[in-house]
Amino acid sequence: MKNALNSSTLLLPLLLVVFSCSAPQKNIENTAPILSEDTKTDTSANVYRPVKEQFKPEVNKVSNVNSQSCSDGKVKLTSDFAAGRMDECKRTGENEYSIILVPENTPINSSPWYAFKIQAEQVTDITITMKVRGDKHRYPPKISRDGKSWQLQSYQQKGERLIMKVKASPQPVTIAAQEIINNQYYVNWAEELIEESAFTQSILGASTQGRPIYKIESRGENTNEWVVILGRQHPPEVTGALALFPFVETLLSNSELSKYFLRKYNVLVIPNINPDGVHAGNWRSNANGKDLNRDWNDFSQIETRLINDYLQGLVAQGQKIKFAVDFHSTKNDIFYTMPVDYGVESSYFVRHWLGELDRQMPNFNVVLRPGNNPNLGVSKQYFSDQFGVHAITYEMGDNTDRTKIKSIAYKSANILMINMLSDVDHEKE
Ligand SMILES: [Zn+2]
């Protein structure tokens, strides 16, 4: 992974209160987010509309409301870049700056995202104090000088203030909540992935603000069964992205196992479902302030609707959705699954897969969290209810060692393929 953190730097204590992105949370899930008027009156959610395969959506000229800067003329802090965000910035004294983070709407899952650049005319030691309005910090700061390699930035936590001392210089540095994986990163990654292969990348459709949502596909000649991989419904959940990349690279590799697998199964990857949220540095939502992973019943948002339409279109053509994995991040590494007795086909398939992962990785404790909540609107449940198959929410911890994230992903993808190719009876334990 290009943006792998120095693994030894991430063994830090978790001081921060975080929420699971997938587990039910009474105070959040039962309250409708603040929606814009046009979203509330959208009645097209359940209307099947075929998705145009090839068109170039134009990004609407939406100003980045989170774009801020503060400067004393010699030192400058800015968030005017893709995924940049600091909601308020003030100079509070000689070489002292205060940043306040504010969510895009409330109530909201506590994932305060920030990303800003610092530059100075000459080398200057500055102090930054960062607070979250009405909430607490979740992500320890990382620093990058080239936008590619990241290290933990040292900081002090005083109450709810996070205080950093940074050396500003003419060479800009970026400080962010996690490694920045912006929309362009996905495009570059996919181009590299499909280079000299039969895989395709195309635009599934346009997001709320008109950004392209890409899909990558591997289609075998004589197969109609699909594995679906989803990512980045929640913009700050970067460790989920850091797992999705090697997971997909393993499925779509040149290995003998992959070649055999891809003759039996098609793969659909939609790695970045919420490009507007990623661009804006949102904590959770799409451009309408909606949590997309609570929208898989209502399809009130174009992002989820596009995917549902596409999958229903595949099924209408006689294709079969066989399994889905949706990548996220939370405090710890957890696999949210559907219960064995939920009534989907191959009841023990996920248990067999992840049980084998647990056996093959003695240093990784596989935590399975089966659950069934038909009203929540998460993708995992949608796949099971719509297509009668298993699906999981694959959660990597915010601070899980980046090298470990990769090895879990490689291993789990390989075992998944073996599991799906074997003639083991998954209806039995
Ligand atoms: Zn999530």
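These are my notebook entries on what I looked up in this predicted model.

**Ground rules.** I number residues from 1 along each chain as its sequence is written. The model is predicted, so I kept in mind that local features need pLDDT of at least 70, that side-chain atom pairs count only at pLDDT 80 or more, and that totals for chains, interfaces and linings use all residues.

**Overview.** I found 10 helices and 19 strands in the chain; helices (H or I, at least four residues) and strands (E, at least two) are DSSP runs, numbered from the N terminus. Of the 429 residues, 46% count as buried. Here buried stands for 20 or more other C-beta atoms within 10 Å of a residue's own, exposed for 12 or fewer, and partly exposed for in between, with C-beta atoms placed from the backbone. I also looked at contacts, which need C-beta atoms, placed from the backbone, within 7 Å. Among contacts with a separation of 6 or more, 78% come from residues 24 or more positions apart.

**Strand β16.** Which strands pair with β16? On my list are β14 (residues 225–231), parallel over seven bridges, and β19 (residues 391–397), also parallel over seven bridges. Strands pair if DSSP finds at least two bridges between them. I noted Leu230 with its bridge partner Asp326 in β16, and His328 opposite Glu395 in β19. Of the 11 residues of β16 (residues 320–330), 10 are buried, so the strand is largely enclosed by the rest of the structure.

**Glu395.** Is Glu395 buried or exposed? It counts as buried, because it has 28 C-beta neighbours inside 10 Å.

**Helix α10 and its partners.** I turned next to α4 (residues 238–251) and α10 (residues 402–421), which pack at an angle of about 40° with axes 8 Å apart. Axes are lines fitted to C-alpha atoms, for helices over the stretch in contact, and angles run from 0 to 180 degrees between N-to-C directions. The two helices are therefore oblique to each other; under 35 degrees would be roughly parallel, over 145 roughly antiparallel, 65 to 115 roughly perpendicular, and the rest is oblique. Residues of α4 that meet α10 include Leu242 and Phe247, and those on the α10 side include Ile405 and Tyr410.

Helix α5 (residues 256–264) packs on α10 at about 50°, with axes 10 Å apart. The α5 contact residues include Tyr260 and Phe261, and those of α10 include Asn414 and Met417.

**The open sheet.** Six strands pair antiparallel in the order β1-β2-β5-β11-β7-β8. The edge strands, each pairing on one side only, are β1 (69–71) and β8 (151–152). Three bridges join β1 to β2 (residues 75–78), and Cys70 stands opposite Leu77 in β2.

Where is the cis peptide bond? I found it from Thr106 to Pro107, with omega near -10°; Pro107 lies in the loop between β4 (96–101) and β5 (115–120). Ala83 has phi near 75°, a positive value in a residue other than glycine, and lies in the loop between β2 and β3 (88–93). With 27 C-beta neighbours inside 10 Å, Ala83 counts as buried. Asn95, in the loop between β3 and β4, has positive phi near 60° but counts as partly exposed, with 18 C-beta neighbours inside 10 Å.

How values were computed
Contact = placed C-beta atoms within 7 Å.
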